[in-house]
Amino acid sequence: MDREGRVESTGARGEAIVAAWLERRGIRVVARNWRAGRGEIDLVVRDGRTVAFVEVKTRRLGPGGRPADAVDRRKRRHLVAAAGAWIAGHPGTGGEFRFDVAEVVVAPGGRPLVEHWPDAFRADEA
């Protein structure tokens, strides 16, 4: 459950896990679930002078591919468009920008496993 007593979705739980995981590594979370039109950025973080737009995918352990495999070309294009809107709305942010992907795999009764790929793709590859 979240702080307001609502049942937290798997995606929201994964985003919270990744946010805490990044913060323990000195990466500051600037925004969560930032929306621009149809696009959403799960996490906007600052890693030194770099602003990273992080797509988080969470799955329960089971058959199928890795959660990060769901970040396909269409998803990358939406993320790049939303990042452009974020940058336009935050002038003077400066520094560098990158696109990260993070995944959380949750085993039944087990500890969530986090993988993080900084600079997972470039805007011109979307």
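1. A salt bridge here is a side-chain nitrogen of Lys or Arg within 4 Å of a carboxyl oxygen of Asp or Glu. Glutamate 55 and lysine 75 meet this rule through their side chains, at 3.6 Å from N to O. Glutamate 55 lies in strand β3 and lysine 75 in helix α2, so the pair ties together parts that are 20 residues apart in sequence.

2. A word on the source. This is a predicted model, in which local features need pLDDT of at least 70, side-chain atom pairs count only at pLDDT 80 or more, and totals for chains, interfaces and linings use all residues. Residues are numbered from 1 along each chain as its sequence is written, and side-chain values use heavy atoms, with hydrogens and water left out.

3. Next, burial. Buried means under 20% relative accessible area, exposed means over 50%, and partly exposed is in between (1.4 Å probe, protein chains only). Glutamate 55 is buried, at 2%. Lysine 75 is partly exposed, at 22%.

4. The salt bridge count comes to six. Glutamate 40 pairs with arginine 35, their closest N and O atoms being 3.4 Å apart. Glutamate 40 is buried at 19% relative accessibility, whereas arginine 35 is exposed at 57%. Aspartate 119 pairs with arginine 122, with closest N and O atoms 3.0 Å apart. Both count as partly exposed: aspartate 119 at 33%, arginine 122 at 47%. Salt bridges with shared partners also join Asp47, Arg98 and Asp100 into one network.

5. Now the strands. Helices (H or I, at least four residues) and strands (E, at least two) are DSSP runs, numbered from the N terminus. Two strands pair if DSSP finds at least two bridges between them. Strand β3 (residues 50-60) runs parallel to β4, with eleven bridges. Threonine 50 has glutamate 96 in β4 as its bridge partner. Strand β4 (residues 96-106) is mostly covered, with nine of its eleven residues buried.

6. How do β4 and β5 run, parallel or antiparallel? They are antiparallel, joined by six bridges, and β5 spans residues 113-121. Alanine 102 stands opposite histidine 116 in β5. The two strands form a hairpin with six residues between them, and glycine 109 in the turn has a positive phi of about 65°.

7. Last, two single residues. Arginine 74 is in helix α2 (residues 73-89) and is exposed, at 52% relative accessibility. Alanine 31 sits in strand β1 (residues 28-36). Alanine 31 is buried, with a relative accessible area of 15%.
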